[in-house]
Amino acid sequence: EGLDAEEEGKKRFYVVYFEATDDIDPNDLEYTDILLACTHRLLEKLREEHVESAAFKKVLNWLKDRWDSIADLLDQKVVFDQLSFEQQISTFTKLIAILKTTPSTRSLIRQQIASYSEGLVSGLNELIKSAKKQLPDGRSEIVLIVDNLDRIPPVYSEDKRRWNYELVFIDRAEQLKDLACHLIYTVPNSMIYSDQHLILSERYGGPVKALPMIMVHEKDNTSYEDGINKLK
């Protein structure tokens with residue numbers, strides 16, 4: 001019965017995993033960067049699963065409403081409605097690339113995201129709810145795993161009074177929890193092993209988990225059952 005329950009659990013969850021450092025500049029992190037990265041990865045993954053294009057409507061309408069400002073950043077001269085569905089989706093990929101590699105434009109993109117973040121999150125949640133009904137293999141829940149945020153180096157805010165960690169993971173906790181799916185964020189160890197772990201536990205509704213490195217395969221790539229059982 002235990003094995004049957006475990007298999008059912010595997011079937012239930014559809015995982016969207018990505019390493020945040022692929023989409024953001026680790027030396028300059030704000031909440032808006034994480035939101036845009038989550039948007040990018042969810043759109044790409046759900047498009048790959050052939051979720052109906054109508055499910056993306058509210059997110060793309062959000063982009064359409066911002067188009068005059070965003071098109072200039074992307075050096076796009078076309079009307080939004082003239083772009084194909086695929087091109088509209090790929091616009092978020094272009095935004096991510098500019099956000100990560102072009103510091104001079106970064107603040108302008110953040111301004112567009114921050115000023116209208118509620119609309120973007122609302123659109124994403126509509127997409128997530130619709131996608132849950134169309135997931136493969138009978139799965140009904142989405143788990144978004146945002147990895148590598150624990151590798152973000154500490155940086156003082158401009159007023160030299162607070163760390164970037166606090167500004168993102170504590171001040172923006174409500175926004176980070178706002179997506180309508182299961183969420184796993186990695187956070188810097190220095191937050192877990194300090195008095196901030198109490199604040200994190202309070203903001204995120206439970207104890208923060210410290211997961212050590214655990215061996216799951218032998219050198220010959222066979223499974224190491226003790227490690228697997230420990231992770232379970």
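Start by selecting threonine 32: at 6% relative accessibility, threonine 32 counts as buried, where buried means under 20% relative accessible area, exposed over 50% and partly exposed in between, with a 1.4 Å probe and protein chains only. Threonine 32 lies in helix H2; helices (H or I, at least four residues) and strands (E, at least two) are DSSP runs, numbered from the N terminus. Leave aside its neighbours within four places in sequence, and threonine 32 is in contact with Arg110, Ile113 and Ala114, contact meaning heavy atoms within 4.5 Å.

A word on what is loaded: this is a predicted model, in which local features need pLDDT of at least 70, side-chain atom pairs count only at pLDDT 80 or more, and totals for chains, interfaces and linings use all residues. Residues are numbered from 1 along each chain as its sequence is written, and side-chain values use heavy atoms, with hydrogens and water left out.

**Along H2 to leucine 35**

Stay in helix H2 and pick leucine 35. Leucine 35 counts as buried, at 4% relative accessibility. Which residues does leucine 35 touch, not counting those up to four places away in sequence? Show Ile113, Ser117, Leu120, Val121 and Leu124 to see them. For a distance to draw, take the C-alpha atoms of leucine 35 and valine 79: these residues are 44 apart along the chain, and the atoms are separated by 25 Å.

**Helix H7**

Now select residues 117-131, which form helix H7. Its 15 residues reach 21 Å from first C-alpha to last, close to the 21 Å expected at 1.5 Å a residue; the expected span is 1.5 Å times one less than the number of residues. Colour the buried residues of H7: Ser117, Leu120, Val121, Gly123, Leu124, Asn125, Leu127, Ile128 and Ala131. What do these buried residues pack against? Display helix H2 (31-48), helix H3 (57-65), helix H5 (85-101), helix H6 (103-115) and strand E2 (141-147) to see the partners.

**Two loop stops**

Next, go to aspartate 137, in the loop between H7 and E2. Aspartate 137 is exposed, with a relative accessible area of 60%. Check its backbone: aspartate 137 has a positive phi of about 60° although it is not a glycine. Most residues other than glycine have a negative phi.

Then jump to histidine 50, in the loop between H2 and H3. Histidine 50 also has a positive phi of about 60° without being a glycine, and at 69% relative accessibility it counts as exposed.

**Lysine 94 on H5**

Select lysine 94, found in helix H5. Is lysine 94 buried or partly exposed? Its relative accessible area is 39%, so lysine 94 is partly exposed. Beyond neighbours within four places in sequence, lysine 94 is in contact with Leu74 and Gln76. Lysine 94 and leucine 74 are 20 residues apart in sequence and 7.3 Å apart in space, C-alpha to C-alpha.

**Zoom out**

Finally, show the whole protein chain, with its 12 helices and three strands. The C-alpha trace spans about 60 × 50 × 35 Å along its principal axes. Of the 232 residues, 39% count as buried. Among contacts between residues at least 6 apart in sequence, 68% join residues at least 24 apart.
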